[in-house]
Amino acid sequence: NKRKALSRLYECRKADKVPISGRDALVISQIAFYDDPARFTQMTNKLCDELEQRIKDGVSVVKEGTKRILLTGTPLAVPNWKLHNIIETSGAVVVCEEMCTGTRYLENFVDESKTTLDEQFMALSERYMKTNCACFTPNTGRIDDLLRMVKEYKIDGVIDCSLKFCCLYDTEKYSVSRALKEAGIPVLSLETDYADTDAEQLRTRIGAFIEMLND
């Protein structure tokens, strides 16, 4: 039920009128990892009721024409809100995270039809093996997911971010960038960490990327 509530939240983010900022949606995804599951599910569904009403009413948190960004790469655990904050104060909006603090956490539900313990263990295992994490190789499913999400979320540009020393996502950076460029999708590759010491450097690069999208 928690995953269903999160899926509902991400469905709302597909709307032309963006009803919630990427930073707020990220915080919700992060809370899902440690909050009481029943309470989290109840409150997220309550929020989604409000977001769906906003969509019906044509209410958006950003002005029309704001470029839509998909963020992919290393998961962003609490208190890592730096990239979302920089992107959304530089004139764009994050509408999807192809991360473990994002779509990888909520997609591919466990098959609940199994009745024996062995079948249920296998159903859980099969679900987790569908997670297109960089710790698996080859990881072509991640490329497929990105190309699908670009269409579903009407993405204008992709930012691929790896945390320093996260060699797995750093290794995949080349193949991700090449696949997106071949599909005609603008992509920016970044490396950062939890500190704010590179914030202005990131702001310069992200600002230039968004400006390019607006040209």
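Helices (H or I, at least four residues) and strands (E, at least two) are DSSP runs, numbered from the N terminus. This is a predicted model, in which local features need pLDDT of at least 70, side-chain atom pairs count only at pLDDT 80 or more, and totals for chains, interfaces and linings use all residues. Residues are numbered from 1 along each chain as its sequence is written, and side-chain values use heavy atoms, with hydrogens and water left out.

Q: Where does Phe-165 lie?
A: Phe-165 has a positive phi of about 75°, although it is not a glycine. Its place is the loop between strand 3 and helix 8 (167-182).

Q: Is Phe-165 buried or exposed?
A: Buried means under 20% relative accessible area, exposed over 50%, and partly exposed in between (1.4 Å probe, protein chains only). The relative accessible area of Phe-165 is 80%, so Phe-165 is exposed.

Q: What is the relative accessible area of Lys-154?
A: Lys-154 is in the loop between helix 7 and strand 3 (157-163). Its phi is positive, near 55°, in a residue other than glycine. Lys-154 is partly exposed, and its relative accessible area is 39%.

Q: What is omega for the cis peptide bond from Val-78 to Pro-79?
A: Pro-79 belongs to the loop between strand 1 (67-73) and helix 4 (82-88). For the cis bond that leads from Val-78 to Pro-79, omega is near 5°.

Q: Which residue does a cis peptide bond join to Pro-138?
A: Pro-138 sits in the loop between helix 6 (117-128) and helix 7 (140-152). The cis bond has an omega of about -5°, and the residue joined to Pro-138 is Thr-137.
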